[in-house]
Amino acid sequence: RKGVQPNTVTFSALISAMEKAPGGSQWERALEVFGEMERRGVEPSTVTFSALISAMEKAPGGSQWEKALEVFGEMKRRGVEPDTVTLNALI
């Protein structure tokens, strides 16, 4: 393979960019990227989880708040420590 291999930083940046899409329109794509990250064996960080939770929270009509809580639960199960950004995304 040629080129740069994605890592935690690049995946987190991509998820974060999707989280900032107008009207929460890219929350599903952010979830897909997270899945790809896992398939490649790249470990998510606090930043990764925070961006993903924020993307869920911004979904149209707040429709994905339960999914955001599931992602937070997964974060805790993996032993990834939340920070103030994570907690702010949850409220």
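Predicted model: local features only at pLDDT ≥ 70, side-chain atom pairs only at ≥ 80, totals over all residues.

Modeller: Residues are numbered from 1 along each chain as its sequence is written, and side-chain values use heavy atoms, with hydrogens and water left out.

Colleague: Why are H3 and H4 called roughly antiparallel?

Modeller: The axes of H3 (residues 46-57) and H4 (residues 65-77) cross at roughly 165°. Angles over 145 degrees count as roughly antiparallel, so H3 and H4 get that label.

Colleague: And what makes H1 roughly antiparallel to H2?

Modeller: H1 (residues 8-19) and H2 (residues 27-39) pack at about 170°, and that makes H1 roughly antiparallel to H2 by the cut-off over 145 degrees.

Colleague: How do you know that glutamate 36 and arginine 39 form a salt bridge?

Modeller: Their closest N and O atoms are 3.2 Å apart. A salt bridge needs a side-chain nitrogen of Lys or Arg within 4 Å of a carboxyl oxygen of Asp or Glu, so this pair qualifies.

Colleague: Why is arginine 39 called exposed, but glutamate 36 partly exposed?

Modeller: Buried means under 20% relative accessible area, exposed over 50%, and partly exposed in between (1.4 Å probe, protein chains only). Arginine 39 has 62%, so it counts as exposed, while glutamate 36, at 27%, is partly exposed.

Note on methods:
Axes fitted to C-alpha atoms, helices over the stretch in contact; angles between N-to-C directions. Helix = DSSP H or I, 4+ residues; strand = E, 2+ residues; numbered from the N terminus. Parallel < 35°, antiparallel > 145°, perpendicular 65-115°, else oblique.
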